[in-house]
Amino acid sequence: MKSFTTLKNLATNLSTNTSTQNASLMAELINTEHRYLLQKYFSNETTYAIPTAGGTTATLTGSLSTAAITGTLTTAWTGNTTKIQVTFSNTNIRMVNFVNGSTLIFWDVPLTATATSSITLGGQQYYPLPPNYSKLKSITITIGNLTWTLGQVFTTQEWNQLNVFPYYADIPKNFYIFPGGDHGAQIGIWPIPSTTNNTITFSYKFRVPDLSIEDYTTPGTVSVTTKTGIVTGLTTSFPLTTNIQNESRWIQFAQPTGDNLWYQITSIPSTTSILLYQPYQGITVAASSTYKIGQMPILMEDFQDMLVYKPLYIYFSSINKDPEKAQNFKDLYDERLELLEIYSGNNTINVNLRGSINTRNENVYVMDVGATP
């Protein structure tokens with residue numbers, strides 16, 4: 001595997017320009033190519049689940065006057081920032097804005113009569129997209145033992161036609177993505193969920209954070225016991241995990257004290273402790289100084305050198321023009337791209353040494369009918 005530091009150093013060395021400015025340029029080009037390749041060839045996919053919010057009631061700090069367009073909740077709103085249909089005691093119905101962490105609510109059309117402090121909230125129709133959302137693949141709602149897959153509405157016109165009047169139900173049918181605007185980055189669900197705590201699950205491609213964390217090799221030593229997933233540091237200063245979802249570092253215990261394989265890190269909760277995604281499989285490591293922690297691309301390791309060849313092609317074809325070197329790196333890139341196209345066609349490897357496969361099921365079909373014993 002090639003860490004961010006390894007890739008950046010390789011690119012700057014091959015460009016014969018190891019200046020700080022060029023190292024920064026190569027890092028930027030490496031990240032650009034990484035995101036580009038992941039768009040087509042690899043699954044930077046994950047899931048994100050939130051509960052539905054059905055109808056409920058709330059209380060304001062006081063009554064509302066005629067023509068009111070704002071109110072104050074007695075307690076801050078703990079849900080996501082969104083619009084919810086509210087019925088006031090004077091029977092006025094308004095789409096009301098609720099802001100996470102705020103007691104202020106507001107709406108566009110003034111009330112036509114005074115209202116008491118009690119308000120009725122319909123089920124929540126709009127839910128936030130995941131914070132690292134890039135592109136949605138599917139959305140489901142689980143109700144009991146059943147999981148329902150929603151169909152997408154593609155235009156605002158279709159969505160408005162569905163929502164001519166509020167329709168509440170548990171079984172969902174459609175969703176519509178609001179990438180911005182007054183709904184923020186949210187998804188609308190129709191019919192409006194009527195029950196609280198059913199599970200909405202988003203399957204989506206996430207935005208890939210930039211590779212930016214330099215390798216860590218010193219100070220201190222590490223120890224890990226075979227078949228366990230906890231690495232302990234002694235006088236180490238491991239950089240802490242700031243977001244577990246974005247953790248993309250791996251650790252290598254070099255031979256002869258370790259097995260020299262890379263192990264994915266789940267999180268680094270302290271400067272002297274590392275949690276591994278899979279248990280360490282090699283011999284027990286005791287106070288070893290031959291280790292490395294590196295931030296890795298999501299791109300599969302067999303093709304990580306592509307992240308160097310494309311920046312070098314750009315560098316020698318535009319910044320420091322050298323047509324021969326540019327063509328060489330382009331050829332290397334194109335060669336890997338062809339292999340990547342083949343590799344990404346399947347998620348498994350099938351080694352067939354027979355030349356052909358017998359697809360006949362001998363438990364179903366009668367073999368050699370009428371043959372002489």
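Colleague: Which residues of α2 are buried?

Modeller: Buried means under 20% relative accessible area, with exposed over 50% and partly exposed in between (1.4 Å probe, protein chains only). In α2, the buried residues are N22, A23, M26, A27, L29, I30, N31, E33, H34, L37 and L38. Please note that this is a predicted model, where local features need pLDDT of at least 70, side-chain atom pairs count only at pLDDT 80 or more, and totals for chains, interfaces and linings use all residues. Residues are numbered from 1 along each chain as its sequence is written, and side-chain values use heavy atoms, leaving out hydrogens and water.

Colleague: What do the buried residues of α2 pack against?

Modeller: Contact means heavy atoms within 4.5 Å. Here the partners are α1 (4-14), β16 (199-206), α4 (306-319) and α5 (323-343). These labels are DSSP runs numbered from the N terminus: helices are H or I, at least four residues, and strands are E, at least two.

Colleague: And the sheet: what order do its strands have?

Modeller: Two strands pair if DSSP finds at least two bridges between them. This open sheet of 4 strands runs β1-β16-β9-β10, with antiparallel pairing. Its edge strands, β1 (45-51) and β10 (146-149), each pair on one side only. Strand β9 (residues 133-143) joins β16 over 8 bridges, and T142 stands opposite T199 in β16.
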